[in-house]
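Trainee: Please pick one part of this model and take me through it slowly. I'd like to know what surrounds it, and how each piece is described.

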Amino acid sequence: MLRAKPDLMPESAPTLRAHVLVSGHEMRPLAAGALYWEAEDTLLVADLHLEKGAAFAALGMLIPPYDTRTTLQRLGKVIRAVEPSRVVALGDSFHRSELAENLAAEDLKLLTRLQQGREWYWICGNHDPFLPPCVGGTVCTTLTICGVTLRHEPSDNELSREIAGHLHPVARIARRGAVIRRRCFATDGNRLVMPAFGAYAGGLNVLDDAFGPLFLRHRLEAWMMGRTDVYPVLGSLLLPD
Amino acid sequence: MRRGQRLISDVAPMVPATAGPQAAPPQAALPEPFASWFASRGWRPHAHQLALLGEVAAGRDALLIAPTGGGKTLAGFLPSLVDLASRAPEHKAAATIHTLYVSPLKALATDIARNLATPIEEMGLPIRLETRTGDTPPSRRARQRVMPPDILLTTPEQIALMLSHQGAAELFGQVKCVILDELHALASSKRGDLLALDLARLRTLSPGLTAIGLSATVARPSELAAFLVPHQGATATRLAEIVVAAGGAKADIAILRSEAELPWAGHSARYALPEIYEAIKAHRMSLMFVNTRSQAEMLFHELWRHNDANLPIALHHGSLDVAQRRKVEAAMVAGKLRAVVCTSTLDLGIDWGDVDLVVNVGAPKGASRLAQRIGRANHRLDEPSKALLVPANRFEVVECQAALEAAEEGAQDTPSSRPGALDVLAQHVLGTACASPFDVDDLYREVTSAAPYQGLKRETFDQVVEFVATGGYALANYERYAKLKRTPEGILRVAHPRIAQQYRLNVGTIVEAPMLRVRLAPLKGGALKPANVLAPGRILGEVEEYFIEQLAPGDTFVFAGEVLRFEGLRETDAIVTRAHASDPKVPAYEGGKFPLSTYLADRVRRLLAEPRSWSRLPDQVSDWLRLQADISVVPGPDEILVETFPRGNKHYLVCYPFEGRLAHQSLGMLLTRRFERARAAPLGFVANEYALAIWGLNDMGEMVRNGRLDLGRLFDEDMLGDDLDAWLAESSLMKRSFRVCAIISGLIERRHPGQEKTGRQMTVSSDLIYDVLRQHEPDHILLKAAFADAATGLIDVGRLNLFLKRISGRIRHIALRQVSPLAVPVMLEIGRESVPGEASETLLREAVEELIAEALSGNAARQA
């Protein structure tokens, strides 16, 4: 019923690939949800939503406060594995700008340690339009590396060569009666939207209208996050929510 | 929606003055004007009605146990009516409630109110009576708090809601009587826990109140009797007085015998349709109970294909649109229908007309459940209820026979009481604080006076209070967001009025699975075009999101008696069109799958183990068992039979625990982990109500023989240690339990209809919370609560534990060269029921690999 048609297949066989091409640059999606740009020794993450638990607590929902620690620990694991010389967080790194000040001492220490010995960029998002100096790093609205623009919200420009976050893409497929829904990297080879990295960040199906204008539909691929691998799945196999 | 003419059987199934069997000496005289009113109708009160009147007049809490049709409801109200009637004539309407009536169904409350109105009017009693349910308009609810009626008929959720208001002390300060109807259906559930806590609260507000419980026949009446009285200390047991009504005529139960070949597996009972149809023809009105909504849909569909005489046959289940259900109910009452196919939505309380035959399709699952269903036929005590059991497969024949024998003995198997749920307690603690500040010691005393919480440790209680106040996390950084604040006097009060508003939106213990509306689009076939988004299609009902998630656009399924094609989703609507598929899928609804009761399972095992009793079974079934005895063995009542055999290029291991599908699925999960470690290379498993089959590449029979696989160790109780822990970390079942606890306890908010559009930023997925909490604070009280639920529910490890204890040292292994007759039913389930999706990594890899294969063949084709 949902067979991939060979004529819709991208040039290369859509698997056994460790790399995704974004505007001709090879990048490696990692199962943890980060993207590693080897040529630039740069690690990209999006939508950390640190202190989301605290933001909810302030609204009367006392959900477990361990999300910041969980997210930073996961990030620490990726950084230790890759040892990048540059890290870029693509916005909404904090669930609310104001809460960045309240980071628990231990979490702040963890963050500072991660930043040591490397460049660190915070791109502003709609959740964190400003950030206090205590969180370190360089704060900016966009960052362009080798002609690829890193930003929070994807731009309107259909052919923009960019990597963005903001939309929290997830992909769904059905296999043998079981449905699998995972965070994913969504790309058409030109533009790439990163999965959300934060422990409490939800997701939006890549087939949702919000993604519609961003991708050439017939070239859409969702790199679904597994436990240890990332699985590139052809757009035609995906199901809506 | 209801009628007047059925009043007699609803509230006053009195004995005609001439009737014999109920003529016991009256325990309390009926005062005027009641005596005259009874006499004017030619009635005499039942002995149990007078007995209950006597107990309550003496100020004692009482439990009335009466079969359906025993005049339970009027018995429950008589003490209140008599007391209210005796008030001085100059009595002014007070701003307090005299009697609270609590029913599990709002429809039942509405029904009773309508029917009580008649005697009150006819006797000219100065009594105001009102209902209050989720459907009551807010203006009336507000008025009821200021100017309450004498008798308020309501539901457990509404009581909790009213108790959370600041005026609760005045509103309930003079309550004399609390009537809990259908108590057997409420106790031993989370709603029962909430009700018990509310009853304890009401007793604090009105120390003199008397509680009356009304119940169908149950296995252990003392547990319900304990529910009704306040307790002091964890050990002392007090009980309410128990009044038992004389039993009615014995039911006339038969198992359907069909000429057709009995199916080996499946639940459709299609083979018996001609006989079922004949039975419908031979009766005025038949009620056909099935266990799941999908069975209801299927059977209804098939019956109409047999319906040459065009008999009016209707469908009724919980997923159908309310308006549609009301229409069916009204038609039943009006006597316009000959049969209704229904699920347990029609199990409770209300009687829907002149039913003279109950057909139970499929396994009865429990002796008490069957008794209550059969009671739906013939609401009069002195006539026997008539019932026909239709087993859907061979095992179910044995189960039906066991249930029939249990019914003949009047045996019951209602679930035992269990400790009160902690998520419900958390909700109650917050609700209490919303009404007024509380002292922690006092609240602890009050909570432990409720039977389900009698054994609650102070330490646990304090943890729950801390959870409500600040989340109760070891990393204590939510102090500034605390919901409850401690005053210098040690009193806890709500930190902000907003918290009370939030509480009121989330009260209650019923957490529905997220549902989608099924909307019929006017367009025929074809893809759903954006232009049709607002197509004003008819709503057919609701299904679980879970089910729709498994459909791809173009798939067909049966719903509301029609074959539908799934077109796509629009917000919370699943858009469908009419279709003509010959082989539609049937929704695999989550709900309505009751496990085989422990009691009935035990009877089934005994029936099987005793060859002399096989003569009571149809020849096809006894032949099947004899063949099993020849080829393998028929397991004894206290042992477990494990068969191993090769088939195709795989090896199978089949065992027969008879503990129900849920427990078997858990056993399958845990055993396959152990098989993996033993290098038996398991590939999969499948479970049904009676058996579990595991298959793999290695010869497990041979491994047992040469000692590489020790069955005793394999089935050891320690399976419920580390293996269980590792499985639970990822189990989607555990996450489902956690979600329910998180909502009930108030950790996350309920989804309200229409909120989806705007509410995306306001929610955090409970699955994500579960992962984070489990990683950082595995002993958190909410995880404990979720595990306690899952252990008795979705993963049923409680039952698994008892099973492992029972069979320890009693494993009987038979190595066979081929499949045994007993194994056939479960083997037929392979491929029909998939293993729950825990192995998603494998499936993801498969999706990619299949793609490679296809890509390569595509390339090859192009090259060729």
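Mentor: Let's start with a definition: helices (H or I, at least four residues) and strands (E, at least two) are runs assigned by DSSP, numbered from the N terminus. This is a predicted model, where local features need pLDDT of at least 70, side-chain atom pairs count only at pLDDT 80 or more, and totals for chains, interfaces and linings use all residues. Residues are numbered from 1 along each chain as its sequence is written, while chains are lettered from A and ligands numbered from 1 in the order in which they are written.

Our part is helix 15 of chain B, residues 367-374. Eight of its eight residues are buried, and that word has a cut-off: 20 or more other C-beta atoms within 10 Å of a residue's own, against 12 or fewer for exposed and in between for partly exposed, with C-beta atoms placed from the backbone.

For comparison, look at helix 28 of chain B, where 12 of its 13 residues are buried. Among them are B:Leu733, B:Lys735, B:Arg736, B:Phe738, B:Arg739 and B:Cys741. Its cover includes helix 10 (190-205), helix 17 (422-435), helix 27 (722-730), helix 29 (766-776) and helix 30 (781-792) of chain B. You can check its length as well: the expected span is 1.5 Å times one less than the number of residues, so helix 28 (732-744) should span 18 Å, and its end C-alpha atoms, 19 Å apart, agree with that. After helix 28 of chain B comes B:Gly746, with a positive phi near 90 degrees.

A strand can be covered as well. Strand 8 of chain B (residues 210-215) has six of its six residues buried. In a regular strand the side chains alternate between the two faces of the sheet. Here B:Thr210, B:Ile212 and B:Leu214 are on one side, B:Ala211, B:Gly213 and B:Ser215 on the other. Strands pair when DSSP finds at least two bridges between them, and strand 8 of chain B pairs in the parallel sense, over four bridges, with strand 3 (62-65) of chain B. B:Ile65 stands opposite B:Ser215 there. Strand 7 of chain B also pairs with strand 8 of chain B in the parallel sense over four bridges, and B:Leu180 has B:Gly213 as its bridge partner.

Most residues other than glycine have a negative phi, and most peptide bonds are trans. B:Glu182, in the loop between strand 7 (177-180) and helix 9 (183-186) of chain B, has a positive phi of about 50 degrees. B:Glu182 counts as buried because 22 other C-beta atoms lie within 10 Å. B:Phe658 has a positive phi of about 55 degrees and lies in the loop between strand 25 (650-655) and helix 24 (661-677) of chain B. A cis peptide bond, with omega about 0 degrees, joins B:Glu32 and B:Pro33.

Methods. Two residues are in contact if their C-beta atoms, placed from the backbone, lie within 7 Å.
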